[in-house]
Amino acid sequence: MDTTVQTTIGTQRALVTELPGPKSQELHARRRKVVSAGLTNGFPVYIDRAAGAILVDVDGNHLLDLGSGIAVTSIGHAVPALIDAVSEQVAAFTHTCFMVTPYEAYIQVCEELAALTPGDHEKTSALFNSGAEAIENAVKIARLATGRPAIIVVDHAYHGRTNLTMALTAKNMPYKDHFGPFAPEIYRVPTSYPYRDGLSGPEAAARAIAEIESSVGAHNVAAIVIEPIQGEGGFIVPAEGFLPALSAWTTANGALFIADEIQSGFCRTGAWFAVDHEGVIPDIVTTAKGLAGGMPLAGVTGRAEIMNQVHEGGLGGTYGGNPVAAVAALATIATMRDLDLAARARHIGDVAFAALRELQKDTTIIGEVRGRGAMIAMELVEPGTTTPNAAAAKAIVNFCNQHGVIAISCGTYGNVIRLLPPLVITDEQLADGLEVLAAAVRSIG
Ligand SMILES: *Cc1c(COP(=O)(O)O)cnc(C)c1O
């Protein structure tokens with residue numbers, strides 16, 4: 001087994017062609033003939049291999065990965081422990097279907113999820129393939145357990161692209177336009193967006209709760225589904241006290257608090273879960289992205305007395321908790337623990353926030369620098385205003401890409417640059433990436 005990739009790839013960003021290079025362009029032309037135009041590519045450089053925080057494309061360019069495939073490869077690329085675990089499992093068996101003939105790795109992942117998610121109550125889990133599937137199942141369970149129909153979501157929310165999760169997701173373009181009709185009994189209320197609403201956490205929660213009580217009725221609410229830090233919606237960190245107030249309201253009103261930790265979980269924010277920063281203990285937690293180092297795996301973890309109300313056979317799926325993905329999750333979690341990647345995420349945040357706040361002083365287009373740990377963002381605005389500046393975000397991403405740094409944008413208004421570096425990124429790589437980003441911002445204002 002070749003685990004020497006890491007050393008042969010090296011740790012430096014280095015370009016040998018213009019980007020995208022000729023081989024990438026060739027692949028892109030082929031792609032246009034056979035891949036649906038409904039899928040976009042942020043940047044069409046085709047990847048050949050990767051190690052740590054470096055992606056190597058088919059033309060031999062070494063790119064610095066500040067996106068981790070959207071917060072997925074948090075332990076970095078080509079981690080020997082993950083390669084070994086996955087390789088051994090592929091050789092042992094790749095699939096049986098847990099519902100037909102089970103295997104131990106599924107149980108081990110559920111044991112880890114029970115231990116790591118907030119709260120020391122008894123918990124059980126069910127495993128799935130994608131974040132959207134986890135959210136769908138969390139909603140099924142919440143409705144069954146409460147006997148109530150209504151699901152509350154907030155502005156700027158992103159929970160996926162299946163029919164139910166499209167309904168939970170806020171943004172129309174590109175996620176929902178012409179894809180309806182959507183699932184019923186979903187109600188959207190205002191969130192906490194300190195940069196734009198100026199409200200304290202308790203004030204924003206009172207506003208949301210008043211809306212729920214007047215337009216839905218507390219007794220109809222099965223659950224509030226919420227990202228503790230919003231991902232696609234713009235890396236919005238709610239004001240302190242917002243999440244605890246919503247959580248307390250659900251408890252007082254017989255509803256469930258479902259934390260969608262799919263993007264914010266697994267050390268990304270400097271703790272195992274983003275709700276940990278405010279001591280919130282959700283009834284159900286959904287996980288995916290960072291959980292399995294790039295293998296498709298998602299979890300729904302909740303209070304045993306809620307999860308176990310589901311009738312036998314009520315949950316499942318052919319591939320959910322696939323053994324290869326399950327051992328990848330175990331290797332990922334072990335790596336996070338061994339390397340204390342939560343601490344590493346806090347360090348990345350300290351370095352990046354300091355650099356971006358310095359940069360903010362020199363320019364008029366950075367409205368806010370925000371985030372937590374290694375979930376880092378800057379919201380771009382028209383100079384001297386709070387008007388969203390999507391063109392600036394696009395230009396900055398483009399500049400970074402052209403210089404071999406993979407950065408991505410997000411936000412309801414498309415005006416937020418987000419950084420989600422692998423948590424194993426070195427200080428030198430991080431400094432390099434931040435320098436390119438600063439040059440990008442300076443190049444436009
Ligand atoms: C990505 C994401 C999802 C959907 O996950 P998929 O695996 O893409 O289906 C749901 N919620 C949040 C917060 C996400 O970031």
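The second largest pocket is lined by 22 residues, among which Tyr106, Ser125, Ala126, Leu315 and Gly316 lie nearest its centre. A pocket here is an open set of points on a 1 Å grid over the protein atoms alone, where a 1.4 Å probe fits, with protein on both sides within 12 Å along at least five of seven lines; lining residues have an atom within 4 Å of a point. The model is predicted: local features need pLDDT of at least 70, side-chain atom pairs count only at pLDDT 80 or more, and totals for chains, interfaces and linings use all residues. Residues are numbered from 1 along each chain as its sequence is written, and side-chain values use heavy atoms, with hydrogens and water left out.

Strand 4 (123-128) gives the largest share of the lining of the second largest pocket, 5 residues. Strands (E, at least two residues) and helices (H or I, at least four) are DSSP runs, numbered from the N terminus. Helix 5 (104-116) also supplies at least two residues of this lining.

| Residue and its polar atom | Ligand atom | Distance |
|---|---|---|
| Glycine 131, backbone | oxygen | 2.7 Å |
| Tyrosine 158, backbone | nitrogen | 3.4 Å |
| Lysine 289, side chain | oxygen | 2.7 Å |

Taken alone, the ligand exposes 380 Å², of which the protein buries 82%; these accessible areas come from the Shrake-Rupley method with a 1.4 Å probe.

How values were computed: A polar contact is a pair of N or O atoms within 3.5 Å; within protein, one must be able to donate a hydrogen and the other to accept it, and residues adjacent in sequence count only if both atoms are side-chain atoms.
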